[in-house]
Every structure is written in structure tokens, then in C-alpha cells.
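Visitor: I am new to this structure. Could you show me how to read it, feature by feature?

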Amino acid sequence: MATYYKAVDGVRMEMTAEEIAEQEAIDKAFEDDAPNRNMTELRRQRDILLVETDFYALGDVTMSDSIKTYRQALRDITSQTPTDINLSNINWPTKPS
């Protein structure tokens with residue numbers, strides 16, 4: 001079992017077995033939730049990119065096929081599974097000029 005410490009009135013003290021078990025449960029829950037946090041970050045970044053092209057969807061603007069394809073690729077990006085919070089394995093579509 002790992003040794004955990006806590007600060008009590010500025011003094012470093014070892015945690016009890018119960019406190020260690022509680023801390024390990026917290027750490028495991030955080031680690032287990034990583035895929036959800038990664039997907040949330042993917043959606044957040046995707047939404048920003050979609051907002052940048054929302055004006056093309058206005059009634060008085062003609063949306064080109066390349067913009068339609070780009071926007072669809074952004075909406076479909078959540079079919080990819082992010083492996084880290086930096087989304088380093090995600091293949092982002094290229095915004096048309």
C-alpha cells in the first residue's frame with residue numbers, strides 16, 4: 001500500500017489506513033472518469049469550431065459544399081475516441097479557405 005501524507009496544522013503526518021483507502025478510492029474514481037473528461041473536451045473544442053462557421057447557416061448566406069462537408073466532419077468527430085485530455089490522437093478536419 002502506498003504511503004500517503006496529510007498536513008495537520010502545518011505538520012506532515014501519515015494518513016491512517018482508512019484515510020488511505022478513501023484517498024485511493026477518490027484517485028481511482030478520477031482515473032476511471034478520464035474518458036468522460038476527454039470526450040467533454042473533444043465536444044468543447046468541436047463546438048468552438050462549429051460556432052466559427054455558424055454564420056454560413058444564415059438564410060442570406062450560401063453555404064458551399066466544402067463548408068457543409070467540414071461542418072459534418074466536425075459533428076462526426078465524436079465517433080473518434082480521445083485517449084488524452086490534449087486530444088493528441090484526434091484527426092481534426094481542415095477548415096476550407
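Guide: Start with E41. It touches I85 and L87, not counting residues up to four places away in sequence. Contact here means heavy atoms within 4.5 Å. This is a predicted model, where local features need pLDDT of at least 70, side-chain atom pairs count only at pLDDT 80 or more, and totals for chains, interfaces and linings use all residues. Residues are numbered from 1 along each chain as its sequence is written, and side-chain values use heavy atoms, with hydrogens and water left out.

Visitor: Where does E41 lie? Is E41 buried or exposed?

Guide: E41 is in helix 2. Helices (H or I, at least four residues) and strands (E, at least two) are DSSP runs, numbered from the N terminus. For burial, look at relative accessible area: under 20% is buried, over 50% is exposed, and partly exposed is in between (1.4 Å probe, protein chains only). E41 counts as buried because its relative accessibility is 17%.

Visitor: Which residues is N38 in contact with, leaving aside its neighbours within four places in sequence?

Guide: N38 also needs a look at its place: helix 2. With those neighbours set aside, its contacts are P82, T83, D84, I85 and L87. N38 has 8% relative accessibility, so it counts as buried.

Visitor: Now helix 3. How do I check the span of a helix?

Guide: Compare the expected span with the distance between the end C-alpha atoms. The expected span is 1.5 Å times one less than the number of residues. Helix 3 (residues 65–76) has 12 residues, so it should span 16 Å; its end C-alpha atoms are 16 Å apart, which agrees.

Visitor: Which residues of helix 3 are buried?

Guide: They are I67, Y70, R71 and L74. These residues cover an arc of only 95° around the axis, so they sit on the same side of helix 3. The arc is taken from the directions from the helix axis to the C-beta atoms. On the other side of helix 3, D65 and T69 are exposed. Helix 2 (34–52) is included in what covers the buried residues of helix 3.

Visitor: How many salt bridges are there?

Guide: The rule asks for a side-chain nitrogen of Lys or Arg within 4 Å of a carboxyl oxygen of Asp or Glu. By this rule there are seven salt bridges. One of them joins the side chains of D54 and R71, at 3.1 Å from N to O. D54 lies in the loop between helix 2 and helix 3, and R71 in helix 3, so the pair ties together parts 17 residues apart in sequence. D54 is partly exposed, at 36% relative accessibility. R71 is buried, at 10%.

Visitor: What parts of the chain does the pair of K95 and E52 link?

Guide: K95 forms a salt bridge with E52, and the closest N and O atoms are 3.9 Å apart. The pair links distant parts of the chain: K95 is in the segment after helix 3, E52 is in helix 2, and they are 43 residues apart. K95 is partly exposed, with a relative accessible area of 40%. E52 is partly exposed too, at 39%.

Visitor: Which salt bridge involves D33?

Guide: D33 pairs with R37, at 3.7 Å from N to O. D33 is partly exposed at 30% relative accessibility, and R37 is partly exposed at 27%.
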